[in-house]
Amino acid sequence: APHLKIDNLHVSIEDTEIIKDLSLEIKGGEIHAVMGPNGTGKSTLASALMGHPRYEVTQGSVTFNGKDLLEMEVDERAREGLFLAMQYPSEVSGVTNADFMRTAINAKRGEGNEVQLMKFIRQLDEKMKLLDMDESFSQRYLNEGFSGGEKKRNEILQLLMLEPKIAILDEIDSGLDIDALKIVAKGVNEMRNPEFGALIITHYQRLLNYIKPDKVHVMMQGRIVKSGGPELAERLEAEGYDWIKAELGIED
Ligand code: ADP
Ligand code: MG
Ligand code: MG
């Protein structure tokens, strides 16, 4: 089963330390949620894991199935089975959604092991139905004129098609109405199995009503300051973050 292990991670952007000593472990079959106020470094964590060049890891280690993730190029990370919702380009002219997805799948599978076209089309069809997406969607140019909700849905389609081992999903719920939110959650829940783990980053508890996390972590000032079960997310929804700040003596 897959295993992502983050140990004492420190990440800086332009010499400012954003992530400070963060440790987190995700195994196959587990869904973890990271919650926290704005500006605490949640997206920085996702970007660092994806290997964004602006984010400098100054201390700590990250292993993926025992291998050093930080030594891998971005495409190697994807080939190993790491998925980041944000790694996809915002708009690509002249490339249809279906082409893009087939290219991504084949890049992951490697040369000589490309997916059969008919099998690909069948799978794409099936997953699009699951996500309640219109057929025409696959032939539209990638993200061109997609609404916010369509983009999110498309990210989940990519998730279902690529079948990664570990997915980092940053704010997949932002800007979604309740119907779109339910569909996005349905897609993630469809992925649930012992060979898949996810880290769901969200500012709101709402998404976690539909994707039940096994563990909830609260991030503040670049650290995980509290971990618990789904009840922790519910308490945050009801009471906000002040009680944790008080507990920890954090001021902002
Ligand atoms: P969150 O996702 O929790 O809202 P971010 O990881 O986006 O937080 O941001 C954490 C901190 O890092 C913020 O203070 C933000 O201003 C800063 N930051 C994020 N990205 C950059 C960047 N590219 N350059 C400089 N500072 C950044
Ligand atoms: Mg440390
Ligand atoms: Mg963010």
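A residue is buried if 20 or more other C-beta atoms, placed from the backbone, lie within 10 Å of its own, exposed if 12 or fewer, and partly exposed in between. A nonpolar core is a set of buried Ala, Val, Leu, Ile, Met, Phe, Trp, Tyr and Cys residues joined through C-beta atoms within 7 Å. The model is predicted: local features need pLDDT of at least 70 and side-chain atom pairs pLDDT 80 or more, while totals for chains, interfaces and linings use all residues. Residues are numbered from 1 along each chain as written, and chains are lettered from A and ligands numbered from 1 in the order written.

**Exercise 1.** Find which residues have the most contacts inside the largest nonpolar core.

Step 1. The largest core holds 59 residues.
Step 2. Those with the most contacts inside it are Leu 49, Leu 84, Ile 168, Leu 169, Ala 198 and Ile 200.
Step 3. Leaving out residues up to four places away in sequence, Ile 168 touches Ala 46, Leu 49, Phe 83, Leu 84 and Leu 199 (contact: C-beta atoms, placed from the backbone, within 7 Å).

**Exercise 2.** Classify the residues of the shell around ligand 1.

Step 1. Among the residues surrounding ligand 1 are Ile 13, Glu 14, Lys 42 and Arg 54 (near: C-beta atom, placed from the backbone, within 6 Å).
Step 2. The shell divides into two nonpolar, seven polar and three charged residues.

**Exercise 3.** Identify the bridge partner of Phe 64 in strand 5.

Step 1. Strand 4 and strand 5 (residues 67-68) run antiparallel, joined by two bridges.
Step 2. The partner of Phe 64 is Lys 67.

How values were computed
Ala, Val, Leu, Ile, Met, Phe, Trp, Tyr, Cys and Pro count as nonpolar, Asp, Glu, Lys and Arg as charged, and the others, Gly among them, as polar. Two strands pair if DSSP finds at least two bridges between them. Helices (H or I, at least four residues) and strands (E, at least two) are DSSP runs, numbered from the N terminus. Two residues are in contact if their C-beta atoms, placed from the backbone, lie within 7 Å.
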